[in-house]
Amino acid sequence: MLKGYGAVILDGAWLTLQLALSSMALAIVLGLIGVALRLSPVRWLAWLGDLYSTVIRGIPDLVLILLIFYGGQDLLNRVAPMLGFDDYIDLNPMAAGIGTLGFIFGAYLSETFRGAFMAIPKGQAEAGLAYGMSAFQVFFRVMVPQMIRLAIPGFTNNWLVLTKATALISVVGLQDMMFKAKQAADATREPFTFFLAVAAMYLVITSVSLLTLALPREALLGRRKGGRSMIFDYNVIWEAMPLYLGGLLTTLKLLAISLFFGLLAALPLGLMRVSKQPVVNGIAWLYTYVIRGTPMLVQLFLIYYGLAQFEAVRESFLWPWLSSATFCACLAFAINTSAYTAEIIAGSLKATPNGEIEAAKAMGMSRYKLYRRILLPSALRRALPQYSNEVIMMLQTTSLASIVTLIDITGAARTVNAQYYLPFEAYITAGVFYLCLTFILVRLFKLAERRWLSYLAPRKH
């Protein structure tokens, strides 16, 4: 079926797994450092932790990878002659991938760990202090064990996202599973077959990951030498600003459409995930399992390139839409975010205190009224920190649209780089746009948390 490319793709899968494990090891270390900074009573340290979390989460994975590999390499080779080094410097794709993914997901893990610490009842720390424990003992004997238990669901989500993000490293020439599949698809002209095989391999990785992480979860929960003297060419960026602004509008459109329809689909899916009916729950579980278990890039390629392999699709009434890059991107993004958002909503529903449910039943509320007035509003409030992560991840995900010919912010940066070969200027400008959007989103979510989650804030003495 794979026409002799099976062993090649398996070799790429092993490289993908090495990349994911190495990146996560770095991410855990950075995540712990990040949460320690963010929870520090020293204001400038807390500000430093917030800055790290916001800046790294604010730039899409693809832009960071391109910026570090191409832009970083270009910058090093501009600066090196000034320091007396004339040899050309090459960055290793594997090292760049590990460093980039580690830094990105270190920021996400710091947010996951922070949310876990916030979910620990304040009374437990106070009880530890009243018992005579020192602050150090309270932290390591009371807070950290519970943080680990509460962080496992979020950690699982971050690990699954990271394994899919490894597919992006293929764009800088790392011969991982996605790179090998693209080569095989180009050689055989059967993209659907090989991308589907890659999706199956990612599902295998996801299955093993879920089974492995379920054990502790169940137990605890239930390039130029020389040339310009200028380090940054502002003139080129200024001339290309209309292109970037057009890309900004495209990015916002993709983000708004995908989040809107993704949330509409996630609400019933989240309710299905907490259903006690095995069939209903199983359908929603299978949907989220498949979508969360395959990379966004693979899903986008399957919809945009893969479906075109079938003549029945090309001759159907759906072809005018499925041949549109904008429609396919919005469809793929909405499907992807709906699965992650559904799991966030389901987790928040399960975390509803039993007392709220019992009080509602004692008031004589029907099941419909219970969900409408108690469960869903309460769950959506608690889901805000996790959903902010999902929204920022979706903002980054929109950068993949540039791969299917759309001129979003990343597409504008790729166009500028192709015209002038200025990767550092092109991608750092794209990063600034994404950062600005992220700061706005983070601020909006902080205002929302202040409005609806103020009761979870630490008490001021």
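**The salt bridges**

Modeller: Glu111 and Arg114 form a salt bridge whose closest N and O atoms are 2.7 Å apart. The model is a predicted one. Both partners belong to helix H4, which spans residues 93-119, and because they are three residues apart there, about one helical turn separates them. Glu111 counts as buried at 7% relative accessibility, and Arg114 is buried as well, with a relative accessible area of 13%.

The structure holds eight salt bridges. Another of them brings together the side chains of Arg38 and Asp50, with 2.9 Å from N to O. Arg38 lies in helix H1 and Asp50 in helix H2, so this pair ties together parts that are twelve residues apart in sequence. For the burial of this pair, Arg38 counts as buried at 12% relative accessibility, whereas Asp50 is partly exposed, with a relative accessible area of 29%.

A further salt bridge joins Glu343 to Arg273, with the closest N and O atoms 2.8 Å apart. This pair links distant parts of the chain: Glu343 is in helix H15 (residues 325-350) and Arg273 in helix H10 (residues 241-273), 70 residues apart. Glu343 is buried, its relative accessible area being 15%, and Arg273 counts as buried at 12% relative accessibility.

Val42, Trp44, Trp47, Leu48, Leu51 and Phe439 make a nonpolar surface patch of about 610 Å². Helix H2, residues 43-58, gives the most to this patch, with four residues. Val42 is found in the loop between helix H1 (6-38) and H2, and it counts as partly exposed at 34% relative accessibility.

Covalent links between cysteines complete the account. A search of the whole structure finds zero disulfides. In the case of Cys328, the closest cysteine sulfur is that of Cys330, at 9.6 Å, which is too far for a bond. Cys328 is buried, with a relative accessible area of 0%, whereas Cys436 counts as partly exposed at 44% relative accessibility.

Notes: Residues numbered from 1 in each chain as written. Predicted model: local features only at pLDDT ≥ 70, side-chain atom pairs only at ≥ 80, totals over all residues. Heavy atoms only, no water. Patch = residues over 30% accessible without salt bridge, like charges linked within 9 Å, V, L, I, M, F, W, Y side chains within 5 Å. Areas by Shrake-Rupley, 256 points an atom, 1.4 Å probe, with all protein chains shown as cover. Salt bridge = Lys/Arg side-chain N within 4 Å of Asp/Glu carboxyl O. Helix = DSSP H or I, 4+ residues; strand = E, 2+ residues; numbered from the N terminus. Buried < 20%, exposed > 50% of the residue type's maximum accessible area, 1.4 Å probe, protein only. Disulfide = S-S within 2.5 Å.
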